[in-house]
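Okay, thanks everyone for coming.

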Amino acid sequence: MQPLNVALPNDWLQYLGKHRIFSLSAGELQAIQPVFNDADSNDTFAQQYQSRVMILRGSDLIVAAGSQIRILNLNDVKDSWIDVAPRLIDNHKDGLDDPSWLLDIPYKILSTPDIDFVIEALTLNESGDLLAVVGRGRLVVVCLPVTGFSHSIRCISKARIDCKTFVIGKSYLNDGAHVVKALWHPLSETQTHLMVLTTDSFLRMFDVSGNIDEAEQSFDLSPSQRRTSETSRRQSYAISLDDELDMDEEAVTFALGGKSEKESGWEPFTVYYALRNGHIYALCPVLPYKSAIRREHLETLACMVDAKTNRLLEERKSRDDNLELRALYYLLRLQSQWISDLVISSKEDRAVSSIDPTIVTVCSRDSHVPFPVQRQGPFMINGESVEFGSEVGDLVLIKTDTANILVTAYTNGYIQTLLLGSDIDPQWLMPMGEHKEWIKELREFVSSSDLLPKASVSENIQICDKPNYGTHRISLVRDPLYNDIIYVYHAGGAHRVSMKKLFDGLAELERSFDSNLTQYQAAEALNQWSKKDKRSEVSCLIDSDTMGKSIKESVIGFIVITDIYLAYSLMALTQSYTLVSHELDLDLETPMSSSAVQQSNITADTLPGNGATNDCLLTSPVFSASATQSTQTKVVVPPEMAGKKEVVITEESLRFLSRSAEVFSRNIKDVNKGIITAEKRLQLQEKELQRQIQILQQLNSRLNDKFSEDTQAAFREKIHETALKHGKLAVRLDSVLRRAMGQNQPGLSTQEKEWVQSLDDIKNRVDGDQGYLTRIKKVQEQLSTLSLKSNPMQIGSVSRMADTQLNALREALDRQSKRVASARERIASLEKTV
């Protein structure tokens, strides 16, 4: 019989690692190992550098190998596998028996002369046309070819694709600073703003479409004593702090607040960052000078600030005016002024997205708030902190409808989830030398500890307890489909952390609060929620100890694929450029496995027999020693008989000895009863053991009689044939999906969205409130009125229009009617085409 070797549609994932795109020579591997091994002991940021040399753009897989950038289209790999899989199934062969189907698929190399360093991280912007390439002391932006160019890669004869590159921030990085982390800002109107954190604890924002040498904005995240000269030289808005310079105060990672949504608060304008010692801070407002924001978002913020201001004014009427109320009023006025400036700039710019008309372009540079952004923090965290000696490795923000969650990864293998107590409001740093009274009061107010942001520890998760774990990098990746799942990749492999219980509990708590509960009921609901099990489910996806390597290798690349054709899966790239793939389940509900359910349901009554009962001989509950048997007898000697006193035979002494002897006698009887009970239980257990052995012997004999070797061989053959049919049907189903996607694209492209938008504009010009039909109707009404006035039946009526004028008007209306009819026919045909 042939071995059970069946090809399935997603088996290409396990063979992808053999493709030439992951092939490096021994010299190339040796050159990049010191970078990812953190060999420089003098670099204190060795554990915080972000390592991500593999990313995904649509179906294009982008891999950095040393100083080289390679691109492979995964659709080509899947297509080739779908074509070869039926033949492999018929011939009972493995995908590597004839690897030509994989090795013949070419990949392209991007020609980037400015990249002459070992690439440590890749970051792709939202539109997918700009790639930020990060080295230890270099930062280069590459203009990528259009999306999907590699789908027709077989038709391109050149092995290299020339790409334009830009070296970012030469003057900053030449001073010895290294790039720790780089992220594209999601609010950028041109999608060209890059946020860069360097080892000098500066967070800089570069506009790649403008000046690539100077930062558009700079934020000093470290003490001001060592930044004075550079701050004045760069002419940037730096944050003044009074802390002393310390290595633990260095900023090591940051996270952005995400896109502008209709229900968003201040999060999209907020930057969260963490210091090496674990302290977390926030900056708000931070956004590019040219930003794309939803109009409803701005209106919501404006209404929220106005509501707070009105409530404060009402409170000031009922209370004595004090410094705190006045300072809070000044802060709300500054926030209102800032939002008003954004709204005015959006009206002046008049730039509305052709794809989404609800998004407007604002210019934050024109704000009339002349103060730099205030650093808010450190967060006042309520709960158990991570053990001493650990350092922050990465930070990510997860937004939910109920609360915002900060997930912090530590270099010792711990993951901490923090529930933010409230939104971060905009705050500005008031100048010290200002003599205006309201500025003094506001400066004192924003520096108060009562205004520090607050957070609560939801959970501390230990994902790895291996020794010397804290010498490697750790990174967080959010799942693109499920908001409650994050992935953690590190030196020990990769883990998945599911926070579904926490998210479901928060949603349930939100529904309880929305049901108009009383204060007591709300407190009771909160108390019950705090007692529920909200622990995250952690599963190990990749374990580096089981990969057969003598030396522990870090995971330096991690992607999650969500394409319907390519399958929902993840890929991880190790330090030796070994690809490990793992197919994920779309239904992430994780009930008890079927085998565990079956084991839990097996009892003596379910065991097969010859009609005899299978009741257990052992009674319930389980035997345990009584309290008398487990308690030692104690005799308390009266004080008059204690010590070295002579014992005098009296009535009291005789009574004491009699009571003591009675207690000993009673306890001896109880012990004898316990011995007899234990012996009976032991005999019963021996009988039950013999009975269960007899049942197992009967089952074994029945299986041997019923399932002979020939019968079992026939069953295995049927299972193999069924698996082969299933493999062929699955591969055929994917081939049908491929043809369907080739003929009918599931989603609209950018050009198609613009086309649909133009059709809507034409329809509005024809059928809108000020459209052609409305205007024609008005003209017809005017014409009917003029016709009545020019009716010859009316005596004394005088026509104000000559016949030639009326004829010309009728001809013009006829022409307009024909144009409207033609436009309607065109719209109908275009709608059919779409």
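Before anything else, a word on contacts: when I say contact, I mean heavy atoms within 4.5 Å. With that in hand, take the contacts in the protein chain with a separation of 6 or more: residues 24 or more positions apart account for 67% of them. And please keep in mind that this is a predicted model.

Now the overall picture. The protein chain has 834 residues, and 42% of those count as buried. You'll find 17 helices and 31 strands in the chain. The exposed surface comes to about 45900 Å², with carbon and sulfur atoms supplying 51% of it.

Let's go to the helices, starting with α10. It runs over residues 500–513, which is 14 residues, and at 1.5 Å a residue it should span 20 Å; the end C-alpha atoms are 20 Å apart, so the two agree. Which residues of α10 are buried? They are Leu502, Phe503, Gly505, Leu506 and Leu509. Look down the axis of α10 and these buried residues fall within an arc of 165°, so they line one face of the helix. As for what covers the buried residues of α10, the list includes the strands β21 (392–399), β22 (404–410), β23 (414–420) and β24 (454–462), plus the helix α11 (519–531).

Then there's α2, residues 26–36, where the buried residues are Ile32, Val35 and Phe36. Down the axis of α2, those fall within an arc of 80°, so here too the buried residues line one face of the helix. Turned away from that buried side, α2 carries the exposed residues Ala26 and Gln30. And the buried residues of α2 pack against β29.

Tyrosine 330 belongs to helix α8 (residues 323–349) and tryptophan 438 to helix α9 (residues 437–446), so to speak two distant parts of the chain, 108 residues apart, linked by the pair.

One more on rings: Tyr329, Tyr330, Phe371 and Trp438 form one aromatic cluster.

We also have charges over rings. Arginine 375 has its charged end over the ring of tyrosine 281, 4.0 Å from the ring centre. Lysine 534 does this with tryptophan 529, its charged end sitting 4.6 Å from the centre of that ring.

Most residues other than glycine have a negative phi, and most peptide bonds are trans. So where are the exceptions I picked out?

For cis bonds, go to cysteine 284 and proline 285: the peptide bond between them is cis, with omega near 5°. Proline 285 is in the loop between β16 (280–283) and β17 (290–294). Glycine 377 and proline 378 are also joined by a cis peptide bond, with omega about 0°.

For positive phi, glutamine 191 has a value near 55°. Glutamine 191 lies in the loop between β10 (179–184) and β11 (193–198), and is partly exposed at 28% relative accessible area. Tyrosine 577 has a positive phi too, near 60°, and is found in the loop between β30 (569–574) and β31 (579–583). Tyrosine 577 is buried, with a relative accessible area of 4%.

That's my tour. Over to you.

Definitions and conventions
Residues numbered from 1 in each chain as written. Predicted model: local features only at pLDDT ≥ 70, side-chain atom pairs only at ≥ 80, totals over all residues. Heavy atoms only, no water. Helix = DSSP H or I, 4+ residues; strand = E, 2+ residues; numbered from the N terminus. Expected span 1.5 Å × (residues − 1). Buried < 20%, exposed > 50% of the residue type's maximum accessible area, 1.4 Å probe, protein only. Arc of directions from axis to C-beta. Phe/Tyr/Trp six-rings, centres within 6.5 Å; stacked < 30°, edge-to-face > 60°. Lys NZ or Arg CZ within 6 Å of the ring centre and 35° of its normal. Areas by Shrake-Rupley, 256 points an atom, 1.4 Å probe, with all protein chains shown as cover.
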